[in-house]
Amino acid sequence: MSRYDVTALGELLIDFTENGISPQGNPLMEANPGGAPCNVLAMLNSLGHKTGFIGKIGQDMFGDQLEAALREVGISTDGLKKDEDVHTTLAFVHTASDGDREFSFYRNPGADMMLSVDDVDAEQIKNSRIFHFGSLSMTHDICRKATKYAVKTAEEAGCLISFDPNLREPLWSSPDDAKEQITFGLKHCDILKISDNEIQWYTGLEDYDEGIGALRKEFNIPLVLLSMGREGSRAYFKNLRVEAPAFINPDTIETTGAGDTFGACILHYVLANGWKEYTEAELRDMLTFANAAASIVTTRRGALRAMPSEAEVRAMLSAD
């Protein structure tokens, strides 16, 4: 019996998001716990799953805040390490009027980059049904080795492997370096969640279906999920291609964490229904639930503490 439904490895950081203007006319920034892998876990916890995180934070006030946030939402911190010399990674998020974001990272270095092979608890990974990771834990040599060790451990243990490139170009030394490490992720995953801009960036193809087709021809990825923001999402499985519309929410204030929420709901469907030959109807149900959950998150600031419950998602689906 697996102890964890999902273990994720990667970055845990503070997202400073704009939340008003001070009397002096300065932007007010709210320190929201974030980091894509833990956003995924937070949503999975909200849906009743047992999750654990492997990563590194600084021995500082922000690290303490992040550790407390993980405990609050129910993510196991057994695999969380602290660095006494390097501070917790910070990201400043500027939200445009349409909800899109620009990121400024304070990560040169950041504690998440310091995760080493010795920090990775192999037993935690072996005791998980799904292992999830992204590309930001491969931007630098120390954390890159740790990530690849973790993936190898997951493969040998027979875990399902989930990958989200989560491309953040400013954090890479070059586009070629980013592409090389994302290629590693594509080679080693069973479930891929990729965004519209990422598939265009990676393949150089404007048409999403052509891009996914090129990807599937090169890599043997059984289940590919494409998130397209306001255009909805698609699933590609065997010879099936299924699309579901987005839930456009008039109360949207920012899109931070929407893709992570979507990805978590895909993993939830797999955990709840098993890894099998999915039908067209099942893939549509998978996408529809995920789209609804992502829509709810866009109406809330932050991500990790803002995840909806299953009841909230069901209520949106029944109201539609």
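Is Cys 143 buried or exposed? Cys 143 counts as buried, because its relative accessibility is 1%; buried here means under 20% relative accessible area and exposed over 50%, with partly exposed in between (1.4 Å probe, protein chains only). Before going on, note that this is a predicted model, where local features need pLDDT of at least 70, side-chain atom pairs count only at pLDDT 80 or more, and totals for chains, interfaces and linings use all residues. Residues are numbered from 1 along each chain as its sequence is written, and side-chain values use heavy atoms, leaving out hydrogens and water.

Now for the sulfurs. Searching the whole structure turns up zero disulfides, a disulfide being a pair of cysteine sulfur atoms within 2.5 Å. Cys 143 is in none, and the nearest cysteine sulfur, in Cys 38, sits 15 Å away. Cys 189 is buried too, at 4% relative accessibility.

On to the helices, which are DSSP runs (H or I, at least four residues), numbered from the N terminus. The axes of H6 (residues 196-203) and H7 (residues 208-218) come within 9 Å and cross at roughly 60 degrees; axes are lines fitted to C-alpha atoms over the stretch in contact, and angles run from 0 to 180 degrees between N-to-C directions.

Conventions. Helices (H or I, at least four residues) and strands (E, at least two) are DSSP runs, numbered from the N terminus.
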